[in-house]
Amino acid sequence: MLWSLAVARNKTVQLFRHKNLPLLLRHRSFSTTGLYGIPHLKSPKGFQPFVDEAIQRSGELVNYISSKPSASELMRAMDEISDTVCSVVDSAELCRQTHPNREFVEEADKAAMKINEYLHYLNTSHDVYDALKKAEQECHMLSAEAQRGIKSLRVEMERGGIHLCPETLDRVNKLDIGISHLCREYNQNIVTDPGTVDIYPASRIPKNLHHLFKPIYKSEPLITKDISESKDTVKEKGFRITTDPRTLDSVLQLSSDDEIRKMVYIQANSVPHANVDVLKRLISARHEQAQILGCGSYAELAVKSNMASSPKVVMSFLHEMSKMVQAKSTEELNLLTKFKREKCGQNNGDLRPWDEAYYTTMMKSSVYKLDSLVAASYFSLSNCIEGLKVLVNSLFGVICHRIPLAPGESWDPQVLKLCLHHPEEGDLGYLYLDLYSRKGKYPGCAHFAIKGGRRISQTEYQLPIVALVCNFSGSRNPSAVRLNHSEVETLFHEFGHALHSLLSRTDYQHFSGTRTVLDFAEIPSNLFEYYAWDYRVLKTFARHYSTGDAIPEKLVESMLGAKNMFAATDLQRQIFYALADQTLHGEQPHPLGDVSSVLAELKRKHTNLEHIEGTHWEARFSHLLNYGAGYYSYLYAKCFAATIWKKVCKEDPLSPIAGNALRTKFLQHGGARDPAVILNDLVPDGIYRSYNGGIIPDISSLCEEMELMEENQKKVHLL
Ligand SMILES: [Zn+2]
């Protein structure tokens with residue numbers, strides 16, 4: 001869920017990767033509208049003229065660019081192409097992920113395919129590339145943002161291999177197609193082979209888990225005294241456990257039968273076996289592609305435009321984190337092992353991988369006596385939406401009010417539309433909320449850009465439009481739906497992304513909001529998670545659904561206590577995943593060795609977690625595909641968020657002073673400024689340090705918050 005940044009990462013879309021929506025949408029007029037307020041999308045078939053007109057308009061702009069206009073005109077034209085094309089890409093993506101009408105989804109699919117083909121043509125246009133190179137030579141008189149735009153467009157085209165000879169470029173394109181096939185195969189295998197474990201008799205499964213599994217039956221010979229007569233059989237009932245991640249979590253947390261937990265753990269970490277080979281082929285293809293593009297590894301290619309700038313910097317950051325978390329996580333392991341021994345009445349016996357979630361859950365609930373239903377009674381969905389409104393109002397003086405959807409604009413009757421309005425500045429942007437689960441809808445919680453902000457003229461600004469998509473279950477009445485606290489945290493995380501887009505005021509939509517490098521884009525979302533944990537914030541909206549009482553401070557303290565218990569172990573696991581992602585995409589031996597044993601070795605070195613021989617978790621860890629060499633970004637951004645929280649927000653989280661700093665120094669710049677400059681402006685004193693051409697976040701705020709420092713300092717004193 002924390003990795004659900006809804007950004008198209010498709011390589012073919014790379015030039016116009018983080019872009020957006022439709023041609024100039026003038027202010028809402030309720031008489032003419034279609035889906036998302038796009039006039040073309042009054043019906044599913046509207047996607048066809050929508051995509052055709054976008055391609056036609058872009059073609060006109062490419063012709064104009066071929067005439068080598070001034071650098072300033074070129075950047076404006078490029079941004080309009082980007083805006084036009086991305087309007088199709090982004091609206092088609094949101095539609096494919098959420099629209100309940102099959103015909104809309106199918107037409108969106110077709111539009112996406114057509115626009116992707118066109119993107120490929122654009123990304124390989126030498127006319128555009130030559131014009132960009134020329135403009136880069138002449139752009140020193142332009143605004144810093146325009147200069148940055150021209151340079152970044154040129155660099156992104158080179159990432160696609162535009163500067164290579166035709167034969168080499170052809171190989172890059174073939175590898176690209178191969179890579180996307182492998183990704184599809186990997187994801188498909190996960191769906192078709194989730195793994196199953198059959199358990200007999202049914203009584204081994206606690207009643208409260210029965211609803212998760214399918215009952216199955218097998219015939220057993222009926223045992224009678226006279227064996228020769230035992231032709232009758234009885235049917236024995238059992239359960240088939242599907243080891244998909246969701247069911248797996250429930251079984252590992254709640255089943256008291258350690259044999260069952262073990263079987264389920266091992267099966268879940270062994271399927272789909274076919275992906276072991278798919279992953280290996282994918283890594284090789286990515287590696288070859290990176291080498292053709294002049295990089296030593298895929299990680300180098302993926303990281304070089306990020307803040308970290310090179311795999312060496314990323315590794316150094318991760319090793320620093322790994323060292324810092326070691327002592328506390330060992331302490332946590334010892335504590336949990338002791339707890340297990342007490343519960344089992346044993347003097348020895350190690351904690352096995354399938355024990356961890358079970359005893360962690362049990363220990364947290366026995367120490368903090370937390371009942372998730374009690375906590376949820378303060379988090380009705382309507383309260384939580386109120387919380388988001390409180391946040392923007394206190395921090396930014398912005399009023400978030402609900403506005404009616406025009407006929408045809410919505411895709412489900414439950415979708416809400418909010419307008420962010422500033423009393424002096426007017427409307428700032430629009431937010432659709434599509435919060436309830438539906439069959440076939442995007443699972444989880446994510447932020448989708450629909451339209452990026454951009455300056456149209458001296459007096460006109462194209463307002464950003466985004467959608468927040470969640471999957472809260474239960475009734476479709478917002479005051480009857482109650483969220484558990486982790487859902488509240490996710491909602492705030494995604495709202496952080498949404499605010500980044502909505503408060504963005506860049507000149508070009510190419511840099512609007514979250515359209516920035518990955519290891520920077522996750523900072524606002526991680527920062528807004530803090531708001532979901534702070535009592536001073538929670539008491540403003542978290543009220544009991546029947547009594548109306550504000551959430552008790554003691555309850556929030558217990559929730560925080562439970563969160564922090566075993567937090568070092570959780571962090572260590574994330575560090576391990578990030579190290580695995582870097583290592584697999586790093587420099588490769590030839591031929592590529594055994595991926596599973598490389599990962600097992602890494603696990604032994606960097607975690608307290610036991611590796612079970614023969615298992616391979618990497619066969620269904622799709623983050624390796626989606627974030628190839630970028631998984632570290634979450635931890636990296638988490639460190640920055642911890643420092644910003646501590647230095648800017650913690651003293652008075654809802655203060656307009658904090659809000660003003662966040663908005664004017666950070667959020668409004670989107671990707672238009674160098675991220676390091678933005679961070680340094682917001683927290684001038686040591687939020688990062690320069691290292692080897694990149695930057696490493698200061699980890700002390702996160703360590704202090706997780707009490708990792710103390711341990712380390714104690715050790716230093718002992719020495
Ligand atoms: Zn995120």
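**Before starting**

The model is predicted; local features are reported at pLDDT of at least 70, side-chain atom pairs at pLDDT 80 or more, and totals for chains, interfaces and linings use all residues. Residue numbers begin at 1 along each chain, following the sequence as written.

**The whole chain**

Helices (H or I, at least four residues) and strands (E, at least two) are DSSP runs numbered from the N terminus. Along the principal axes, the C-alpha atoms fill a box of roughly 95 × 65 × 65 Å.

Of the 719 residues, 46% are buried. Contacts are pairs of residues whose C-beta atoms, placed from the backbone, lie within 7 Å. Among contacts between residues at least 6 apart in sequence, 73% join residues at least 24 apart.

**The nonpolar core**

Next, select V88, A111, I115, L431, V466, L468 and I644, which touch the most other members of the 190-residue largest nonpolar core. This core draws at least three residues from each of domain 1 (8-164) and domain 2 (196-242); the bounds come from an automatic or database domain assignment. A nonpolar core is a set of buried Ala, Val, Leu, Ile, Met, Phe, Trp, Tyr and Cys residues joined through C-beta atoms within 7 Å.

Centre the view on L468. Leaving aside residues up to four places away in sequence, L468 touches L431, L433, H447, E494, F495 and A498.

**Strands β8 and β11**

Now select strand β8 (residues 446-451), where six of the six residues are buried, so the strand is largely enclosed by the rest of the structure. Five bridges join β8 to the antiparallel strand β11 (residues 465-472); strands pair if DSSP finds at least two bridges between them. A449 stands opposite V466 in β11.

**The open sheet**

Move to the open sheet of three strands, ordered β2-β4-β3 with antiparallel pairing. Strands β2 (196-199) and β3 (214-221) are at the edges with a single partner each, so one side of each has no neighbour in the sheet. Eight bridges join β3 to β4 (residues 233-242), and the bridge partner of K218 in β4 is E236.

Select Y632, in helix α22 (residues 632-649). Y632 counts as buried, because 29 C-beta neighbours are inside 10 Å. Excluding residues up to four places away in sequence, Y632 touches V314, L318, A578, D581 and Q582. Y577 is 55 residues from Y632 in sequence, with 8.2 Å between their C-alpha atoms.

Finish at Q574 in helix α19 (residues 567-584). Q574 is partly exposed, with 18 other C-beta atoms within 10 Å. K554 is 20 residues from Q574 along the chain, and their C-alpha atoms are separated by 29 Å.

Terms used. A residue is buried if 20 or more other C-beta atoms lie within 10 Å of its own, exposed if 12 or fewer, and partly exposed in between; C-beta atoms are placed from the backbone. Two residues are in contact if their C-beta atoms, placed from the backbone, lie within 7 Å.
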